[in-house]
Amino acid sequence: MRVLVLGAGFGGLELITRLSAELGDDADIVLIDKADGFVFGFSKLDVMFGRTVPGAVRHLYRDLVKPGVRFVQSTIRSIDPVRRRVETDAGPFQGDVLVVALGADLDPAATPGLVAAGREFYTVDGAFAARDVLSSFAGGRVVIGVTSTPFKCPPAPSETALMLHDFLVDRGLRGASEISLVMPLGAPIPPSPAASAALLAAFAERGITWHPETLVRGLDAERRVAVLADGQEMPFDLFLGVPVHRVPEVVAESGMCVDGWIPVDPLTLETAYQDVYAVGDVTSVGTPKAGVFSERQASVVADQLIARLGRGAGAAYDGKGICYIEFGRDRVARVEVTFLAGQRPNGQFDEPSGRLLADKAEFGTSRVRRWFNRDWRSY
Ligand SMILES: Cc1cc2nc3c(=O)[nH]c(=O)nc-3n(C[C@H](O)[C@H](O)[C@H](O)COP(=O)(O)OP(=O)(O)OC[C@H]3O[C@@H](n4cnc5c(N)ncnc54)[C@H](O)[C@@H]3O)c2cc1C
């Protein structure tokens with residue numbers, strides 16, 4: 001059974017790791033990604049705020065040596081889900097099983113004025129470039145704004161506001177600055193009222209202004225104001241934006257999407273096409289767009305493929321995920337949340353602590369160990 005895995009992000013890496021570990025040399029896996037390495041979402045914020053350097057957070061795919069796995073660095077140009085065949089710059093590939101794990105692409109140009117007058121910090125390049133902008137920032141009005149829904153890692157804009165506060169305090173610039181956070185959600189983390197209350201209290205303590213239930217529709221580059229969906233205008237000296245998210249173009253053109261994302265069976269991650277699965281941010285499975293959910297979905301697909309080969313019992317997706325939230329000053333909180341179709345999501349919150357900072361570090365290092373077989377210190 002040849003398994004063709006498109007995308008070596010959270011989902012793709014977990015899937016090939018599980019399959020290779022279970023099947024060894026019996027595995028026949030081709031993993032395709034256009035990038036040369038993987039960067040955790042949280043590492044983007046660490047680079048942006050000068051906690052680490054770009055070279056330390058990119059995990060190169062050339063280190064991905066696993067039994068039964070062949071990595072191909074190439075751009076996928078077309079996907080035929082009926083024939084489970086893709087065209088890439090390195091030629092065509094076909095699988096008995098196809099797994100689409102291509103994530104969500106970001107489109108800063110879709111928001112008027114964002115490229116000309118603002119900074120997006122959600123792509124790897126954008127976050128790394130924001131590091132230079134921040135290091136020469138002399139203080140002023142900073143607006144952190146979300147431009148559309150859905151967006152990856154809903155806590156990340158809140159974390160950015162808290163980390164920015166510490167960054168400006170450390171440089172003696174906080175007194176000369178204002179921080180405003182514009183979010184489409186009614187609460188920072190809707191499934192967890194306790195986490196939301198802790199974040200709102202942290203914003204209030206630090207003088208961060210919170211603007212819920214609205215979006216940034218565009219920036220007026222000349223007047224340097226952000227225009228919100230509710231018509232309000234917010235002047236800024238620095239705008240840090242979460243850009244519009246959409247499926248990669250190659251996925252949009254494959255005909256697999258409904259309302260912009262790939263629909264899947266919420267228990268099995270099967271698409272409408274025979275032997276084609278999709279996991280993670282590229283789907284409309286109903287969980288937030290975050291790596292922990294992509295990873296767990298990939299693990300369920302791995303269980304099903306292993307079961308097909310008579311080596312296990314299979315499993316159904318349970319919608320569970322653990323999310324670490326940076327509060328700054330070496331304190332991290334945790335939310336454990338379950339999203340199940342037809343049920344209200346519920347979350348369990350653990351207060352910020354130094355112990356959870358260590359847990360978060362282990363979250364990163366344990367994955368690098370499993371996926372890339374090497375040691376990494378995330379802090
Ligand atoms: C600032 C920030 C902080 C975050 N913090 C967290 C966190 O703390 N915890 C968490 O769980 N999540 C976090 N996330 C979210 C997380 O990064 C994503 O949700 C996760 O990476 C999605 O996994 P995925 O496997 O679905 O897709 P991705 O990891 O995005 O992988 C998709 C892969 O497909 C490849 N690809 C796309 N198009 C093509 C093509 N045409 N040809 C070839 N290859 C292609 C890409 O190069 C990429 O490697 C954060 C995100 C951001 C932006």
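In this predicted model, 29 residues surround the ligand, and the closest are Gly11, Asp33, Ile76, Asp281 and Val292; a residue counts as near when one of its heavy atoms lies within 4 Å of the molecule. Because the model is predicted, local features need pLDDT of at least 70 and side-chain atom pairs count only at pLDDT 80 or more, while totals for chains, interfaces and linings use all residues. Residues are numbered from 1 along each chain as its sequence is written, and side-chain values use heavy atoms, with hydrogens and water left out.

| Residue | Protein atom | Distance to a ligand oxygen atom |
|---|---|---|
| Phe10 | backbone N or O | 3.3 Å |
| Gly11 | polar backbone atom | 2.8 Å |
| Ser294 | polar side-chain atom | 3.1 Å |

Of the 1000 Å² of accessible area that the ligand has on its own, the protein covers 92%, with areas computed by the Shrake-Rupley method and a 1.4 Å probe. Helix 1 (10-23), helix 2 (41-48) and helix 9 (291-308) each give two or more residues to the shell around the ligand, and helix 2 provides the largest share, 4 residues; helices here are DSSP runs of H or I with at least four residues, and strands are runs of E with at least two.

Pro212 is placed in the loop between strand 14 (208-211) and strand 15 (216-220). Pro212 has a relative accessible area of 32% and is therefore partly exposed, a class that lies between buried (under 20%) and exposed (over 50%).

Key
Polar contact = N/O pair within 3.5 Å; in protein donor to acceptor, adjacent residues only side chain to side chain. Buried < 20%, exposed > 50% of the residue type's maximum accessible area, 1.4 Å probe, protein only.
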